[in-house]
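Please load the model in your viewer and keep the selection panel at hand.

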Amino acid sequence: MPNILSEIQLWKADRSAQISLPDGNGIHNYMESDAEVKRLLGDVDTLTLTLTPGSKLATATSDDAYELTQGKIVRFVYDDGSIEEWRIKSKSREFSGEKNPKVRCEPIVQDLKTYTVRKTLANGHARASVSFYNQSFTDIITNLLSSEYNCPDLFTVGSIASGLNDQTYNLVLNASYIMEGLKKICQLAEAEWGVSYNANNDNYEINFYESGGLGGGESEAADRPIAMGEERVTVLRLKSAMKPKSIFRASYR
């Protein structure tokens, strides 16, 4: 049975606690219209929340802990207890002709674009130039997604298709972000990757598949038919919106 969206919450940027909103309401109570997720092949998914003009959430200031500022987390909670998290990137009003305040967010996995691959040495110093020679896919991924190489604990290695270890790879990174490192090794191995939430550990597992393992990749996935240059919009209605399976899906071939 499909999972149904039951609540939209606001959390601190470090995910340490939920932020209480005025009158004990959820974000959805201050929205002028349904949440929208826009997808464009080859680009980052974007969540847009349109707030009701004049509402407490729309008019919040820096004096209010619940102000929708950049970096905070918008959390979708589904009826089975699963979640999806989006990080606020901007809030605008009357920008580019917009009438109502809008909050735009990106999937939390995009945090990996902000962490540089750095190897921590025995003396405590860090080196931003790292090399992996003649190593298996699993060994490289395990290193990239470890604290030793500056990956946050929020992300960890999930499942890896056995076929990706049929050969070894060479990968050299110089002051690269972790996301870039993942893209490069997946391009070398002709692999795809996706992200799933692990409720037991409260973190995200990055799973790796052989080419086509995600239903043909972004352009051919059964639940994501989208052509090059085409934009697809998914509307999420509280209590009736089915969980969009492909929000965190990524393909790099």
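Is Lys 119 buried or exposed? Lys 119 counts as buried, at 18% relative accessibility, where buried means under 20% relative accessible area, exposed over 50% and partly exposed in between (1.4 Å probe, protein chains only). This is a predicted model, in which local features need pLDDT of at least 70 and side-chain atom pairs count only at pLDDT 80 or more, while totals for chains, interfaces and linings use all residues. Residues are numbered from 1 along each chain as its sequence is written, and side-chain values use heavy atoms, with hydrogens and water left out.

Next select Arg 15, Arg 75, Glu 85 and Asp 202, which are linked in a network of salt bridges. Within it, Arg 15 meets Glu 85 at 3.0 Å, N to O, and Asp 202 at 2.8 Å, N to O. Glu 85 counts as buried at 0% relative accessibility, whereas Asp 202, at 32%, counts as partly exposed.

Finally, select Leu 112, Phe 137, Leu 144 and Phe 208, the residues with the most contacts inside the largest nonpolar core, which has 35 residues; such a core is a set of buried Ala, Val, Leu, Ile, Met, Phe, Trp, Tyr and Cys residues joined through side-chain atoms within 4.5 Å. Apart from it lies another core, of 25 residues, including Tyr 66 and Phe 76.

Technical notes: Salt bridge = Lys/Arg side-chain N within 4 Å of Asp/Glu carboxyl O.
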